[in-house]
Amino acid sequence: MLNIPAVEVAALSVVRGGRSVLSDVTFSVPTGQIVGLLGPSGCGKSTLIRAVVGAQRIEAGDVRVLGEPAGSACTRRSVGYVTQASSVYPDLTVRQNLRYFASLSDADDEATEGALDEVGLRARADALVRDLSGGQRTRVSLAAALLGDPDVYLLDEPTVGLDPVLRRDLWKLFARLADDGRTILVSSHVMDEAGRCDRVLLMREGRIIADATPDELRRRTGQDDLEQAFLVLAEEVAA
Ligand SMILES: Nc1ncnc2c1ncn2[C@@H]1O[C@H](COP(=O)(O)OP(=O)(O)OP(=O)(O)O)[C@@H](O)[C@H]1O
């Protein structure tokens, strides 16, 4: 099991609305790593995550999760997907949502309360989800994913709109999950979050322009700042 990559994408191409959105994307994510999918808005991060979930029609290529085709029934319980749009019930409270999701995955009330703490929502546990901010709703979705205890987390911009303290706390949570052997593929367009990943896939216009550790990116570009490193790499690709 440990030798099988958590995620394996080979020569993936996706067309949406008649336009090429992903072109010849290839990468592999070993188990127990945090891999960041970084790149500007519209570069294809969400589409790539949807393909790994098995929710995106693909034009060409192969996408596997834990050795099985993406989206296949046997991998569904192994994957926790947190979308950019909220995927919890707006007319239930935070705690009611989590108790509902806990019942689907045989988690108990203690796990529900633990998940509330993990995402920093204890103070809003009795608030209706429809009264929460976008960032708070994303954290409810993340807590619901935690209750399923998946092997692979696919997180689409989970830290958007969060203040620096909450962002730091969520990245600590991701690190704890990875230390426990979980795998995390997490997208962001905030380049300083790249530094918190074991490895970074830098995307631009539907292609991966670098697949490296943060230190390798710094060395390769001679830039300490990862945002500057991205700019150097983007210019190299454009040249
Ligand atoms: N339903 C759709 N039909 C046609 N094109 C789409 C659709 N959804 C997204 N696209 C296009 O696919 C490209 C990639 O979009 P995607 O949402 O994957 O990017 P992203 O990197 O996740 O962006 P963001 O950071 O803004 O969420 C964009 O050019 C977008 O306009």
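1. Tyr89 is partly exposed, at 38% relative accessibility; the class covers values between buried (under 20% relative accessible area) and exposed (over 50%), taken with a 1.4 Å probe and protein chains only. Tyr100 also counts as partly exposed, with a relative accessible area of 34%.

2. The model is predicted: local features need pLDDT of at least 70, side-chain atom pairs count only at pLDDT 80 or more, and totals for chains, interfaces and linings use all residues. Residues are numbered from 1 along each chain as its sequence is written, and side-chain values use heavy atoms, with hydrogens and water left out.

3. The count of aromatic pairs comes to 4, where rings of Phe, Tyr and Trp (its six-membered ring) pair if their centres lie within 6.5 Å, with planes under 30 degrees apart called stacked, over 60 edge-to-face and the rest tilted. Tyr89 and Tyr100 form an edge-to-face pair, with 5.6 Å centre to centre and 80° between the planes. Tyr89 lies in the loop between strand S6 (79-82) and helix H3 (94-104) and Tyr100 in helix H3, so the pair ties together parts that are 11 residues apart in sequence. Helices (H or I, at least four residues) and strands (E, at least two) are DSSP runs, numbered from the N terminus. Ring pairs also link Tyr89, Tyr100 and Phe101 into a cluster.

4. On the surface, Tyr89, Tyr100 and Leu104 form a nonpolar patch with about 290 Å² of accessible area together. The areas come from the Shrake-Rupley method with a 1.4 Å probe. Leu104 lies in helix H3 and is partly exposed, at 48% relative accessible area.

5. A further edge-to-face pair is formed by Trp171 and Phe174, at 5.2 Å centre to centre and 75° between the planes. Both residues lie in helix H6 (residues 164-179), 3 residues apart, about one turn of the helix. Trp171 is buried, with a relative accessible area of 4%, and Phe174 is buried at 0%.

Terms used:
Patches are made of residues with over 30% relative accessible area and no salt bridge: like charges are joined within 9 Å, nonpolar side chains (Val, Leu, Ile, Met, Phe, Trp, Tyr) within 5 Å. A salt bridge is a side-chain nitrogen of Lys or Arg within 4 Å of a carboxyl oxygen of Asp or Glu.
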